[in-house]
Amino acid sequence: MPNLKDLKNRIASVKSTRKITKAMQMVAAAKLRRAQEAAEQSRPYSERFLTVMAGLASSVGGSDSAPKLLSGTGSDHVHLLIVMTSERGLCGGFNTNIAKLARQRAQDLIAGGKKVKILTVGKKGRDQMKRDYADMFVGHVDMSDVKRMSYADAQGVAKDVLARFDAEEFDVATIFFSRFQNVVTQIPTAQQIIPFEVPEGYEAPDTLYDYEPDEEAVLADLLPRAIATSIFAALLENGASEQGARMSAMDNATRNAGDMIEKLTIEYNRSRQAVITNELIEIISGAEAL
Amino acid sequence: MQFELVSPERRLASMDAASVQIPGTDGDMTVMTDHAPTITTLRPGMLRVEAGGTTHEYVVTGGFAEIGANGVSVLAERAVAKSDMTQDQMDAMFDDAQDAYNRAKEIRATEPGLVDDAAKLLADMVAVGSEVGLSSKQPNL
């Protein structure tokens, strides 16, 4: 039988664990609200942007003079996987799910004879990808100092990727992140950003626009921005997903701790009762022996 | 005519405007009701909006303006109300332009057109500085 003092100590320690997980859950809930607001507010820009891009891509996309960012380099030999994860752990399967999807893609590509390069954003993904693919790493973007995701951060990542594209380091770039559906569901997603593809659901507008200076120039000017916009949207989705995942993970942990405390308390009471009964038996049998 | 100014992070302004003066790459244009549908890229410059008898002024860089049947949307990567403009912001914008120019000179040496574009961008930034009344750094061409 476990002794009473040990049990008491364990109950105390589980109780303090519950306090911590409860606090983390509440912090995550507050941060989630902020992250969702940020994602909400960025929507008017990205929606309009992508609508205009859809129009441009459909009219210029087919021609030979289309920019490489849209039409591709003509080959798909070297793939750049941009894996975006969080800087912190304790958020359930969030990072693992993104890394799993990226690993799956990397395996498929390697099996198909392609060359894979990996760029990570966020510490957790780097740690997970490094285990298997250390020799394919081309870079890492550190976001640990970023308190609040701003467009400038996304631009930084985009600049890095575009510089690599200019240097002909890769042909196709894909971003991996988690799409926020609700607090319990986050969907790991892969989205191709180079050659740029207009995401589903954006139709070319009916209006016939005049373009100034001209269509090609506008397209060439907007394409790099479109890539930054996609990365920014993905980072914001990721931010909301991370907090959502952490919130539900911590909620589960809090509940588990509660269950455990209940069980331990029952065990504690039983042991205490047993000790009392034992003592009584000893006293009674001692008295009878007299 | 509905006017909207949006940055990647949030919507900065949404109002009913009488006219909007846009700093387009090929020159300023003033948009009033029933303007032909146009999409133009922006150069760094001043965006002036006439609404209800007052003029709102914003400093914008990078992006485009979409003039449609229902109004004007300006999508700018950076947009700051003229009165909120600080020296730090001015310097940051200027440094961006200078960076772009340096990079253009470095990797696009064979395509003089693009270097000229970047130099123009830098000159536009300096013009914005004097417009807002803040001193901009000396461009290093």
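Visitor: At roughly what angle do the axes of helix α3 (residues 94–111) of chain A and α4(A) cross?

Guide: This is a predicted model, in which local features need pLDDT of at least 70 and side-chain atom pairs count only at pLDDT 80 or more, while totals for chains, interfaces and linings use all residues. Residues are numbered from 1 along each chain as its sequence is written, and chains are lettered from A and ligands numbered from 1 in the order in which they are written. The axes of α3(A) and α4(A) come within 10 Å, an axis being a line fitted to C-alpha atoms over the stretch in contact, with angles from 0 to 180 degrees between N-to-C directions. Helices here are DSSP runs of H or I with at least four residues, and strands are runs of E with at least two, numbered from the N terminus, and these two helices cross at roughly 35°.

Visitor: Which residues of α4(A) make the contact with α3(A)?

Guide: Two residues are in contact if their C-beta atoms, placed from the backbone, lie within 7 Å. On the side of α3(A), the contact is made by N95(A), I98(A), A99(A), A102(A), R103(A) and A106(A). Facing them, the residues of α4(A) are K124(A), G125(A), Q128(A), M129(A), D132(A) and Y133(A).

Visitor: In what order do the five strands of the open sheet of chain A stand?

Guide: Strands pair if DSSP finds at least two bridges between them, and the pairing in this open sheet is mixed. The edge strands, each pairing on one side only, are β3 (137–141) and β5 (186–194) of chain A, and the twist from one strand to the next averages 20°. Put together, the order is β3-β2-β1-β4-β5.

Visitor: Which residue in β3(A) stands opposite V121(A)?

Guide: Strand β2 of chain A, residues 115–121, pairs with β3(A) in the parallel sense over four bridges. Along this pairing, the residue of β3(A) that stands opposite V121(A) is V141(A).

Visitor: About what angle does the direction of α4(A) make with that of β2(A)?

Guide: Helix α4(A), made of residues 123–133, packs on the sheet, where this helix touches β1 (78–84), β2 and β3 of chain A.

Visitor: Is α1(A) roughly parallel or roughly antiparallel to α6(A)?

Guide: Helix α1 covers residues 4–60 of chain A and helix α6 residues 215–289, and their axes come within 5 Å and cross at roughly 160°. Angles under 35 degrees count as roughly parallel, over 145 as roughly antiparallel, 65 to 115 as roughly perpendicular and the rest as oblique. The crossing angle therefore makes α1(A), relative to α6(A), roughly antiparallel.

Visitor: Which element supplies the largest share of the side of chain A that touches chain B?

Guide: Between the two chains, 23 residues of chain A are in contact with 25 residues of chain B. On the side of chain A, at least two residues each come from α1, α5 (151–166), β6 (210–212) and α6. The largest share, seven residues, comes from α1(A).

Visitor: Which residue in β5(B) is the bridge partner of Y211(A)?

Guide: A strand of each chain takes part here, since β6(A) and strand β5 of chain B, residues 38–41, pair in the parallel sense over three bridges. Within this pairing, the bridge partner of Y211(A) in β5(B) is I39(B).
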